[in-house]
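Subject: A structure for you to look through

Hi,

Here is the structure I promised to pass on. Have it open in your viewer while you read, and my notes follow right below.

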Amino acid sequence: RGGGALLRVVSRAAADDAQRNAAAARLQSVGALAGGIAHDFNNLLAAVTASAETALARDPGSAAAPELLQVLDSAARGAALVRQLLAFARQQALQPRVVELNEAVTGIAGLLQRLLGRHVRLSVELEEPGRRVRIDPTQLDQVIMNLALNARDAMPGGGRLRIATGHAVVLQPEPIGQEELAPGRYVLLEVADTGGGIPPALLPRIFDPFFTTKREQGGTGLGLSTVHGIVRQSGGFIAADSRPGEGTTFRIWLPRHDGPSEAPVAHDPVQPQAPPERRASGPVLLVEDEPPLLRLAAEALRRAGFEVIAAGAAEEALDLVESGGARPAALVSDVVMPGLDGFALAARLRAGDPDLPVLLVSGYAEAALGRDLAAERLRLLAKPYRLGDLVAEMRALLPADGAKVS
Ligand SMILES: Nc1ncnc2c1ncn2[C@@H]1O[C@H](COP(=O)(O)OP(=O)(O)OP(=O)(O)O)[C@@H](O)[C@H]1O
Ligand SMILES: [Mg+2]
């Protein structure tokens with residue numbers, strides 16, 4: 001009799017194992033499928049983009065220009081999604097960086113509000129001072145997105161989504177859900193909704209791959225398992241707290257990063273510390289606030305053999321450099337941008353690297369800019385320019401042998 005019970009336990013365990021293996025295999029085939037679709041989709045997007053670009057180039061002043069720019073913008077977003085899909089399919093290595101959690105939340109909040117629609121009110125409560133974590137920023141976005149989408153689904157009649165940051169010090173192991181929170185210093189991210197909640201019987205299964213109560217609505221059940229995977233790979237923990245009718249709160253503990261902001265990236269195996277002396281060659285830092293132009297210019301430079309780091313704003317470019325993640329060999333920047341302009345950006349970068357070659361791009365004539373460009377060792381390329389001109393300017397600025405001319 002006792003043997004029968006044991007046998008039942010053993011066969012249950014074997015069945016669990018088989019189920020897990022089946023789930024893993026399914027996850028793998030979904031991954032392969034997603035990878036295949038992503039690849040084809042990328043090609044379609046490339047055609048969409050090229051067509052819109054050609055139409056724009058043929059008649060830049062056309063009445064359809066705003067719509068064509070919109071097409072380009074949407075295609076670029078599609079391409080970003082495809083990259084995420086590919087990352088998922090290939091289980092790509094994480095590219096962790098030191099990120100301020102508050103900034104990451106602020107960065108994605110605008111997009112979230114659009115995603116949530118008018119009936120869900122988004123409130124963001126950021127604890128100051130902002131604390132840093134080490135995580136792949138794209139994946140952090142993905143975590144927040146997936147949780148927000150689930151919250152939206154749980155509030156079809158509208159409600160409130162609250163995203164909050166905080167911190168916690170855990171002194172001894174604490175049970176959370178079916179896991180155990182390890183002692184440590186954490187930054188907290190909370191995503192809470194006022195939706196229908198999760199029945200207690202289902203709560204232990206929500207992080208399982210393919211567990212979904214939205215099969216009919218096209219749910220894959222991969223959202224939360226992806227979130228769980230990202231959080232665990234980043235050394236963090238996640239738990240859900242929910243009562244039917246009272247909404248759901250997801251709480252994420254991410255290990256706090258306390259070092260200075262430059263040091264951690266310097267020790268990053270992905271981005272080894274740059275030697276103190278300037279390298280003979282290095283990436284071109286390209287800054288342009290018009291996304292289609294940024295992409296076109298980046299592509300042209302890459303085709304010409306330059307390594308390119310692209311940024312959509314001066315602030316973003318500064319972040320890249322000041323976080324130690326980029327050590328540009330030259331700067332190419334639009335002059336007129338929202339926020340810091342190209343002159344200010346060049347000055348800030350040259351504060352740390354006085355000999356940095358700079359090419360400014362502007363629709364304004366040199367005289368109209370009211371600056372003595374030669375005295376400031378700034379080169380100017382007038383907009384609109386042909387991509388070939390941009391490449392020629394860069395070749396003059398950064399000859400192939402790595403020597404610089406100013
Ligand atoms: N905020 C929430 N409120 C209520 N139920 C939730 C919430 N978040 C998750 N769930 C439950 O957990 C299940 C699994 O979520 P998960 O994100 O993994 O998949 P999904 O949302 O069903 O599918 P997909 O993410 O592919 O759209 C959901 O089907 C739902 O039953
Ligand atoms: Mg989901």
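Strands β2 (residues 120–125) and β4 (residues 159–170) pair in the parallel sense, with six bridges between them. To find the spot on screen, look for Ser 123, which sits opposite Arg 162 in β4. This is a predicted model, by the way, so keep that in mind throughout. β4 also pairs with β7 (residues 184–193), but in the antiparallel sense and over 10 bridges. One pair to click on there is His 167 and its bridge partner in β7, Val 187. If you're wondering what holds such strands together in general, they pair through backbone hydrogen bonds, either parallel or antiparallel.

Next, two helices. Which residues of α4 meet α5? The axes of α4 (residues 137–154) and α5 (residues 223–233) come within 9 Å of each other and cross at roughly 145 degrees, and the crossing is left-handed. On the α4 side you'll find Gln 139, Gln 142, Val 143, Asn 146, Leu 147 and Asn 150, and they meet Gly 223, Leu 224, Thr 226, Val 227 and Ile 230 of α5. Sorted by type, the residues of this contact are five nonpolar, six polar and no charged.

Further along there's an open sheet of five strands with parallel pairing, in the order β11-β10-β12-β13-β14. Why do β11 (308–311) and β14 (378–382) each have one side without a neighbour in the sheet? They stand at its edges, so each has a single partner strand. From one strand to the next, the twist averages 20 degrees.

Another helix, α11 (residues 387–397), lies across β10, β12 (330–334), β13 (358–362) and β14, and runs at about 170 degrees to β14.

Finally, the whole chain. It has 11 helices and 14 strands, and 38% of its 406 residues count as buried. Among the contacts with a separation of 6 or more, 68% are between residues 24 or more positions apart. The accessible surface of the chain comes to about 22,000 Å², and carbon and sulfur atoms account for 55% of that.

Definitions and conventions: Residues are numbered from 1 along each chain as its sequence is written. Chains are lettered from A and ligands numbered from 1 in the order in which they are written. This is a predicted model: local features need pLDDT of at least 70, side-chain atom pairs count only at pLDDT 80 or more; totals for chains, interfaces and linings use all residues. Side-chain values use heavy atoms; hydrogens and water are left out. Two strands pair if DSSP finds at least two bridges between them. Helices (H or I, at least four residues) and strands (E, at least two) are DSSP runs, numbered from the N terminus. Axes are lines fitted to C-alpha atoms, for helices over the stretch in contact, and angles run from 0 to 180 degrees between N-to-C directions. Contact means heavy atoms within 4.5 Å. A crossing is left-handed if the near helix is turned anticlockwise from the far one by less than a right angle, and right-handed if clockwise. Ala, Val, Leu, Ile, Met, Phe, Trp, Tyr, Cys and Pro count as nonpolar, Asp, Glu, Lys and Arg as charged, and the others, Gly among them, as polar. Buried means under 20% relative accessible area, exposed over 50%, partly exposed in between (1.4 Å probe, protein chains only). Accessible areas come from the Shrake-Rupley method with a 1.4 Å probe; for residues, only the protein chains shown count as cover.
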